[in-house]
Amino acid sequence: MPTFKYKPLAVLTLGAMLSACSGGGGGTSSNSGGGNSGSSAIASTYQGLWIAEGYGKVLDIGSNSLRLLDYTTDFCVAFLSASGVDTDDIEDFYRLAGDSLEEYGGAGTESFSAPGVVFAPTEALPPSCEDGVTPAQGDSGYERDAARDLQLFAQILEEYAIYPELRGIPAADLYAAQASMISANSSDEALLEALYQIAEPLADIHLTVESDLGVIKVLNKPSLPYVLANEWLDDAGLSLPVSNAQAAEMNAYIEAQIARDREVTLSYAPGPGAIHQAANDQITWFENQGLGYLAIDAMIGFGDPEDNGDDLAALEAALDDALEDLQDVQALIVDVRRNGGGKDFLSLAIASRFAANETLAYRKQARLGSGRTEAVDVYLSPRGSVQYLGPVILLTSATTASAAEVFTLAMRELPQVVVLGEATQGGLSDQLDKRLTNGWSASLANEFYVTPVGEEFEGEGIPVDVEVPQFLPEARAEEVDTGIEAALELLDS
């Protein structure tokens with residue numbers, strides 16, 4: 001299983017095409033809200049304790065304060081704490097859904113979103129939180145303890161992650177293999193190495209650790225940057241780790257080859273003037289002799305990535321322009337081969353442009369102990385001022401990941417869509433964000449995406465209808481795009 005270890009630093013560049021993964025998996029640390037110091041209180045309907053058991057999270061909402069607590073059997077860590085909060089602050093991120101509270105702020109906008117984390121009312125804190133939170137870096141009473149953070153990380157995996165069971169590797173066994181080597185006073189380097197040894201065999205692309213030493217990220221399959229890195233290493237007769245100078249050369253090679261690969265794809269346009277781009281160049285389209293091409297290179301960053309409303313508005317405007325131009329093509333190639341993900345609600349907004357009527361796209365659940373939470377049905381409905389309902393060939397690759405896989409999952413339910421290329425990366429779950437007591441952030445996959453007929457592709461990738469290898473070095477050398485060539489052949493048959 002290919003991995004990106006925290007050493008050397010070159011891995012931070014190598015992982016770029018998989019760094020934008022689906023959000024909304026629990027966590028509002030970047031959207032703390034609550035800076036208002038006025039006298040406005042939070043409405044009583046929001047006040048109280050709310051729990052999301054499948055996510056290990058508790059909301060404690062007071063009259064003008066909010067705490068978001070992460071808990072396991074033995075630990076309770078404050079993920080977020082804010083005072084001076086009013087009802088408007090709460091409603092920027094949470095909304096009532098029957099008797100529950102849904103965190104939609106990380107999952108979309110008030111009017112359009114993917115399913116968010118749902119909190120149920122509860123009368124009491126989890127046992128690990130009853131005596132207060134575990135002090136973390138920056139808190140009063142905090143004392144560094146590497147063994148404690150190793151245990152916390154392992155317990156998070158044991159109680160919430162889906163990959164230990166998926167891989168048949170118990171988290172407790174992975175922890176036991178490392179625990180004897182880590183003490184309270186172990187160095188950060190030793191702790192990060194132990195965390196890597198736990199993460200590596202699980203090959204969960206959403207299982208990450210971010211520290212000041214670097215990032216641990218493990219891939220399920222080789223992505224394009226990884227393939228290119230191995231090309232460079234083979235040509236240079238080297239293996240990882242490499243020196244900083246060698247890393248710079250390797251990254252320059254990766255960037256040049258990615259640019260060259262894209263140039264080959266765009267050479268299928270009738271000329272440079274026929275190529276259009278919008279939404280921070282994340283959307284590219286052209287038409288050539290009745291065939292349309294539409295590339296979507298991420299599921300985030302069409303506008304301001306920190307503002308879901310702006311991101312959605314920029315995407316909608318770009319899709320209006322692109323689909324207006326492509327409205328009359330005989331068939332359309334939609335390309336997400338280079339798309340490493342982003343946010344599910346943006347994926348659904350795009351897929352909805354190809355839906356003629358309401359269509360069940362998938363069902364979503366979270367792990368809940370040895371079971372699962374109740375499934376949530378996710379539908380596509382026609383959206384926007386322009387739709388395209390003609391034949392669609394969707395190009396995917398092993399680099400297609402996370403929210404781009406959710407897009408693929410939705411698109412394959414539409415009758416006019418054929419999926420061509422390679423099976424996707426196999427990391428559909430949202431990231432469940434957590435925090436270690438030393439201030440490092442961690443994440444993992446805790447969700448299941450299920451097709452209407454009960455199929456699940458986490459860990460293996462969404463299969464294609466027509467299998468064609470992508471990003472081959474010989475294709476780049478011959479300036480041929482194997483995906484587009486296979487699509488043309490399919491359309492001519």
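Trainee: Is Ala-203 buried or exposed?
Mentor: Ala-203 is buried, at 0% relative accessible area; buried means under 20%, exposed over 50%, and partly exposed in between, with a 1.4 Å probe and protein chains only. This is a predicted model, where local features need pLDDT of at least 70, side-chain atom pairs count only at pLDDT 80 or more, and totals for chains, interfaces and linings use all residues. Residues are numbered from 1 along each chain as its sequence is written, and side-chain values use heavy atoms, with hydrogens and water left out.

Trainee: Where does Ala-203 lie?
Mentor: In the loop between helix H6 (188-199) and strand E9 (208-211). Helices (H or I, at least four residues) and strands (E, at least two) are DSSP runs, numbered from the N terminus. Phi of Ala-203 is near 50 degrees, which is positive in a residue other than glycine.

Trainee: And what is phi for Ala-279?
Mentor: Near 55 degrees, again a positive value in a non-glycine residue. Ala-279 sits in the loop between strand E11 (276-278) and strand E12 (283-288), and is buried with a relative accessible area of 12%. Most residues other than glycine have a negative phi, and most peptide bonds are trans.

Trainee: Which peptide bond is cis?
Mentor: The one from Leu-240 to Pro-241, with omega near 0 degrees. Pro-241 is in the loop between helix H7 (224-236) and H8.

Trainee: Changing topic: what does the side chain of Lys-364 make a polar contact with?
Mentor: With the side chain of Asp-430, at 2.7 Å, and with that of Tyr-449, at 3.3 Å. A polar contact is a pair of N or O atoms within 3.5 Å; within protein, one must be able to donate a hydrogen and the other to accept it, and residues adjacent in sequence count only if both atoms are side-chain atoms.

Trainee: Is that lysine buried or exposed?
Mentor: Lys-364 is buried, at 7% relative accessible area. Its place is in strand E15 (residues 359-368).

Trainee: What about Thr-437, where does that lie?
Mentor: In the loop between strand E20 (431-435) and strand E21 (441-445). Thr-437 counts as buried at 0% relative accessibility, and its side chain makes a polar contact with the side chain of Arg-148 at 3.2 Å.

Trainee: Which residues of H3 are buried?
Mentor: Arg-148 is among them, as are Asp-149 and Leu-152. In total 11 of the 15 residues of H3 are buried, so the helix is largely enclosed by the rest of the structure.

Trainee: What caps the N-terminal end of H3?
Mentor: Asp-145, with a side-chain oxygen 3.1 Å from the backbone nitrogen of Ala-147.

Trainee: How many residues does helix H8 have?
Mentor: Helix H8 (residues 244-266) has 23 residues and reaches 33 Å from its first C-alpha to its last, close to the 33 Å expected at 1.5 Å a residue. The expected span is 1.5 Å times one less than the number of residues.

Trainee: And Thr-265, what is it in contact with?
Mentor: Leaving aside neighbours within four places in sequence, Thr-265 is in contact with residues including Phe-286, Asp-335 and Asp-481, where contact means heavy atoms within 4.5 Å. Thr-265 lies in helix H8 and counts as buried at 1% relative accessibility.
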